[in-house]
Amino acid sequence: MDETRIQDRGGAGTVPVEALHEAPPPHPASIRGGVRQAIPHDSGPKHVTGAARYTDDEPELPGTLQVYIAMAQRAHARLVSLDLQPVRAAPDVASVLAAADIPGVNDYSPVFGDDPIFAEDEVHFVGQPLFAVAAETVEAARAAALLARVEYEDLPAAIDFDAAVAMADAAGRDLLDPHEMRLGDAAGELARATHRVEGRVEVGGQDHFYLEGQIAYAVPGEDGDVLVRCSTQHPSEVQHNVAKALGRPDNAVTVEVRRMGGGFGGKESQPALFAAVAALVAVKTGRPAKCRLDRDDDMEMTGKRHEVRIDYHLGFDADGRIRAADFEQLVRCGYSSDLSGAIADRAMFHADNAYVLPAARIHSRRLKTHTASNTAFRGFGGPQGIVGIERAMDRAAFALRLDPLDLRKRNFYPAGAAKLTPYHMPVTDSIIAALVDDLEAWSEYRARRAAVRAFNDTSPVLKKGLALTPVKFGISFTTTHLNQAGALVHVYKDGSVHLNHGGTEMGQGLFTKVAQVVAEEFQIDVESVKITTTTTGKVPNTSATAASSGSDLNGMAAQAAARTIRERLIAFACERYGVAAGDVEFLPNRVRIGRTEKRFRDLVGEAYLARVSLSSTGFYATPGIVYDRESASGTPFYYFAYGAACCEVVIDTLTGENRVLRADLLHDVGTSLNPAIDRGQIEGGFIQGLGWLTTEELWWDEAGRLRTHAPSTYKIPTAGDRPDTLRIRLWEKGENRAPTIHRSKAVGEPPFMLAIAAFSALTDAVVAAGEGRAFPDLDAPATPERILRAVEAVRTSG
Amino acid sequence: MGEPIRFILNGEPREISGLAPTTTVLNWLRREARLTGTKEGCAEGDCGACTVLVAEPDGAGGLRRRTVNGCILFLPSLHGRAIETVEHLGRDGLHPIQNAMVERHASQCGFCTPGFVMQLYGGWLNGGLADRPSVKDAIAGNLCRCTGYGPIVDAGLDLAATPKPDTHAADAALAERLTALRGPGTFRYEAAGGTWLSPDTVDDLADLYAAHPDARLVAGATDVGLWVTKQHRDLPLIIDVSRVAELRLIEAAGGRFFVGAGVTHAEVAVRLAELHPDLGELMRRFAGAQIRAAGTVGGNIANGSPIGDLPPALIALGAQLHLRRGDEARDLALEDFFLAYGKQDRAPGEFVAAVEVPLLPETARFAAYKISKRLESDISAVMAAFRLDMDGDVVRAARLAFGGMAATPKRAKAAEAALLGRPFDAAAVDAAATALAEDFQPLTDMRASAGYRLSVAQNLLRRFQLELSSDVRTRVLEVA
């Protein structure tokens with residue numbers, strides 16, 4: 001299509017269509033970058049050259065103010081006085097904001113209204129925002145903030161579980177109401193079981209440690225409106241919270257994010273604070289304002305993965321089949337509600353993992369502690385729930401003198417039988433038995449079990465351990481209304497495509513996958529699909545890019561938008577060329593109309609001239625999701641993702657030092673949208689999970705100060721922690737039974753839990769250190785110190 | 001007064017004045033030069049997202065290249081040096097490492113990626129990439145939260161297999177240019193109330209420091225950098241010792257060798273590895289490669305940290321410290337340098353000039369163990385180094401030195417005494433382990449509890465004895 005002719009207002013409409021064909025259509029066998037192709041991340045070349053722009057990399061507008069947030073230094077105290085006069089008088093300070101300066105609502109919480117932007121009468125954790133200083137430089141703002149005169153009156157603080165329970169019991173209420181799921185008569189069946197095991201495991205929290213810290217940049221507009229560029233997984237919630245703080249309707253605020261330097265759940269509810277503060281400054285001063293946290297402030301101020309204490313009881317028949325289970329989960333929420341209710345629910349939803357629990361009681365308490373408010377983190381409580389039952393299975397196998405894998409296999413959800421979960425949802429898509437059989441063979445589990453035993457027989461100091469554990473992870477937001485998404489697709493008259501949707505890119509490759517979906521729909525090379533910044537101005541009312549749902553939801557929405565345009569093109573072609581719809585076929589980079597073929601761009605150009613709309617929104621809502629809290633039953637998930645891992649570890653019984661020697665990961669991604677990206681999610685999730693369960697330790701002192709608030713003290717895995725033998729396979733038989741986007745499965749969170757195999761293998765090594773005399777208590781993270789303590793315990797017992 | 005900072009950025013000369021001497025290279029790149037490819041992940045040299053390549057004349061007509069953390073490098077450090085950032089690497093299309101990173105799917109969120117690219121590029125230029133262990137070691141100071149590292153390591157291996165272009169002529173030309181930029185004598189930079197002095201001879205350093213005993217000495221600034229980025233301290237007068245030629249020497253003589261205070265960890269690692277393989281392994285795990293390339297032996301000692309890894313190793317070896325103040329020099333046993341927490345036997349204006357390390361005789365038994373929560377790039381919970389001098393089967397002399405067990409690096413005198421004059425057997429170890437509880441009352445902190453520290457210290461004596469008396473495997477890093 002000749003661009004100038006289309007642009008020519010005078011004659012375009014009169015040009016005979018046939019005369020526009022200036023190039024014959026190409027005939028490639030397939031498009032570049034369609035679905036199922038392992039194409040690189042769309043930003044790869046920009047990442048490696050430093051050209052990819054993150055929020056802090058965008059050029060700052062003249063007059064930009066830098067904002068520093070001053071934090072409380074007490075875990076729990078009454079704020080007696082806050083004198084900010086010296087701060088206001090400090091050099092280069094443009095504005096100082098505290099609670100009284102907020103024109104709207106002093107709250108940035110996602111749901112419950114209990115996250116003040118700035119503390120008012122009380123402070124509830126060390127690191128709680130007190131006030132903000134906007135100055136010409138961040139150094140000046142920080143220096144000025146130190147001049148504040150703050151007077152506290154200390155109140156009793158609960159930092160750990162025991163204190164939290166005591167405080168909740170004394171008050172007669174928990175932070176959030178407890179929840180309980182019941183299936184059958186768990187107590188009766190436990191009493192009747194021939195074998196019972198019980199124990200406790202504490203699973204530590206985890207800092208997200210996204211490499212790019214929290215940041216928001218607010219630009220004031222007309223009428224008190226504001227544009228906020230923000231590193232967030234949830235632009236719509238940031239938009240709403242900013243508007244709420246400003247006392248304006250949502251339409252006064254636009255939030256944009258092109259990409260994040262990692263999110264992992266830490267940029268779901270947390271960024272609203274920084275966006276609100278930057279926006280408040282911008283609107284008050286009329287100047288652009290940036291609020292960028294350094295690593296320490298970020299780690300002290302923002303929430304983390306929930307620490308959970310689980311007391312478990314399992315009852316078994318003589319043949320190793322579970323009769324009943326009872327789990328008591330105590331969830332450490334931090335000072336406010338945030339997303340803790342849904343996270344604690346998901347821990348309960350995963351208390352069964354891949355195992356049939358014929359009778360079950362799962363009880364969950366959500367406790368307040370005077371620490372940062374814990375929040376979403378990859379897996380959203382699911383990993384903690386799964387650690388509970390895998391720990392119980394290891395203990396049971398020890399008690400029954402069974403290989404732990406044999407015990408596990410006896411209890412999997414069967415493929416055909418639609419057994420009920422403890423929340424009364426039939427599991428109709430279980431493939432875990434077949435997948436584990438495959439991994440058992442592929443990883444040579446039995447031969448290596450013998451080899452590990454032989455090693456241990458001749459090695460008094462170093463002990464090896466081996467474990468193979470399954471993962472079943474429920475896919476959907478368990479809050480029903482969140483399972484919706486929108487997209488906006490434009491086809492320009494030169495045939496190039498502009499793609500926008502409500503999902504956000506945090507490195508997971510969502511933008512690449514959705515572009516592949518749109519390329520596939522139009523049968524054009526993926527390079528023709530322009531990936532664009534997520535903005536609340538294009539797609540409204542979005543859900544967080546979370547719960548692994550990004551490509552499930554946004555892929556479907558974008559497909560719907562593209563399909564609408566495609567249908568219009570087909571209708572146009574039928575009308576113009578007098579063919580039936582079945583005679584219009586989208587082939588790679590061309591369209592067949594009857595017996596002739598033309599380039600995609602030529603058909604588009606013709607449609608434009610014929611005044612066909614080439615822009616469409618798309619929308620998707622996951623069908624069939626319900627959960628009734630009253631009866632604790634329903635179908636909270638659209639489907640389940642499955643995987644399994646086999647890990648071999650070695651421990652030093654003199655120091656507790658440990659290492660994963662080999663890991664074999666087999667994971668079900670349905671029909672992969674992009675195998676390279678999915679493998680990346682599996683490996684990255686596994687290593688992140690490994691860090692959670694081994695070296696990443698959050699440590700608070702008695703005053704409630706987090707003392708592990710930078711990489712010098714908080715140790716995420718390095719390349720050295722990755723086992724040299726790390727084998728990853730996408731399960732070739734994977735296919736989603738639910739009609740998801742191209743029958744793929746969500747992959748963001750499920751592989752995180754593959755790392756539980758390493759925790760079980762460490763347990764196995766400790767058992768070997770005690771020559772099988774005792775099953776060790778071992779909490780996560782299994783640091784060298786915890787492993788040494790466990791070794792000493794098994795060696796001195798019995 | 002003073003001169004501008006003159007250096008070469010991505011091939012172009014730059015002159016800077018008016019910015020505080022404690023301005024970090026990272027902040028300058030991002031805010032002033034508007035080169036935003038280099039990222040801040042932690043501002044403490046622990047994540048590598050800010051990695052840049054710095055080159056300087058090597059004194060032999062070529063270049064000494066190092067990848068360092070721009071986040072804790074002070075801008076005046078660049079004077080007379082050349083810096084390359086990720087933007088420059090891809091100026092004529094993707095460099096092989098950049099291409100390999102894309103093809104291997106080695107970036108996800110991409111925020112750490114420029115740091116990995118620069119770190120692998122620098123390792124390749126220096127011939128440090130050979131096999132999987134060397135690639136992993138090269139990136140031990142770079143954190144990635146997304147990928148799990150496998151694709152990055154694979155990209156590094158692709159690069160290792162890529163031939164390097166011959167840069168001798170270009171290096172020589174650049175070295176000459178940099179020497180001219182640097183100029184002779186002490187470089188002096190003043191701005192925003194701060195002063196930076198950079199002498200190039202030890203006599204000039206001694207004079208300057210004697211005249212300004214309140215100055216802060218820095219070399220790699222791997223610790224002092226954090227005083228600025230984390231503690232927001234004001235450092236009005238800094239003396240940079242990194243160019244003092246005499247401090248950069250390693251010399252062997254008479255059964256011992258002398259390590260200048262300005263020798264980096266990376267440089268001393270080679271020599272220490274020859275002395276004992278445990279020392280090579282200790283230096284490998286000492287810190288990430290960027291820190292090892294910047295931090296110095298003198299800094300690790302003079303800093304006085306109770307958890308510095310080199311002092312226990314050097315104390316166990318029996319090292320002597322050489323101190324200098326004005327024209328006066330004195331020596332003392334390294335363990336006597338550490339008086340109390342934060343307090344060393346160092347007079348105002350006196351500085352650590354060198355450490356003298358004896359070689360190990362045939363009759364000596366030695367081991368060094370670093371115990372930390374994470375195996376790579378972590379601060380020790382317990383650092384132990386042991387030297388026994390044997391007379392046949394009998395222990396004639398013992399030096400058991402520990403870090404992380406007390407307010408200073410310290411010898412375990414009671415445990416040492418328990419070993420003397422008897423064979424080093426299980427019974428002797430039990431006696432020494434019991435005595436260790438008299439030597440140390442360690443602290444509980446975020447790295448480890450007091451109980452763990454003591455148990456591990458005792459068990460490391462057991463490990464030492466097992467290793468000397470049997471072929472029992474004792475090290476998780478040596479198991480396949």
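I'll start with helix α17 of chain A, residues 600-609: 9 of its 10 residues are buried, so the helix is largely enclosed by the rest of the structure. The buried ones are A:Phe600, A:Arg601, A:Asp602, A:Leu603, A:Val604, A:Gly605, A:Glu606, A:Ala607 and A:Tyr608. Just past the end of α17(A), A:Arg611 has a positive phi of about 60°. Before going on, please keep in mind that this is a predicted model.

Now the layout of chain A. How many residues of domain 1 of chain A are in contact with domain 2 of chain A? The count is 19, and they meet 25 residues of domain 2. On the domain 1 side of that contact, 12 residues are polar, 5 are nonpolar and 2 are charged.

Next, a sheet in chain A. It is open and has 8 strands, in the order β3-β5-β1-β12-β9-β10-β11-β20, with mixed pairing. The edges are β3(A), residues 93-97, and β20(A), residues 534-535, each of which pairs on one side only.

Let me stay with strand β1(A), residues 65-71, for a moment. Is β1(A) mostly covered or mostly open? Mostly covered, with 6 of its 7 residues buried. In general, strands of a sheet pair through backbone hydrogen bonds, in either a parallel or an antiparallel arrangement. With β5(A), residues 129-135, the strand runs antiparallel, joined by 6 bridges. There, A:Met71 has A:Pro129 as its bridge partner. With β12(A), residues 289-292, the pairing is parallel and spans 3 bridges. In that pairing, A:Leu65 stands opposite A:Ala289.

Helix α7(A), residues 235-246, lies across β10, β11 and β20 of chain A, at about 145° to β11(A).

Where is A:Asp338 found? It sits in the loop between β14(A), residues 322-334, and α10(A), residues 340-349. Why does A:Asp338 count as buried? Because 28 C-beta neighbours lie inside 10 Å of A:Asp338, and the cut-off for a buried residue is 20 or more. Setting aside neighbours within four places in sequence, A:Asp338 is in contact with A:Ser109, A:Pro110, A:Asp115, A:Ser269, A:Gly303, A:Ser373, A:Asn374 and A:Thr375. A:Ala454, 116 residues away from A:Asp338 in sequence, is 50 Å away in space, C-alpha to C-alpha.

Last, the contact between the two chains. Chain A gives 69 residues to it, and chain B gives 68. On the chain B side, α2, α3, α4, α5, α6 and α18 of chain B each supply at least two residues. Which element of chain B provides the largest share? That is α18(B), with 7 residues. By class, the chain B side comprises 33 nonpolar, 20 polar and 15 charged residues.

Technical notes
Residues are numbered from 1 along each chain as its sequence is written. Chains are lettered from A and ligands numbered from 1 in the order in which they are written. This is a predicted model: local features need pLDDT of at least 70, side-chain atom pairs count only at pLDDT 80 or more; totals for chains, interfaces and linings use all residues. Two residues are in contact if their C-beta atoms, placed from the backbone, lie within 7 Å. Helices (H or I, at least four residues) and strands (E, at least two) are DSSP runs, numbered from the N terminus. Ala, Val, Leu, Ile, Met, Phe, Trp, Tyr, Cys and Pro count as nonpolar, Asp, Glu, Lys and Arg as charged, and the others, Gly among them, as polar. A residue is buried if 20 or more other C-beta atoms lie within 10 Å of its own, exposed if 12 or fewer, and partly exposed in between; C-beta atoms are placed from the backbone. Two strands pair if DSSP finds at least two bridges between them. Axes are lines fitted to C-alpha atoms, for helices over the stretch in contact, and angles run from 0 to 180 degrees between N-to-C directions.
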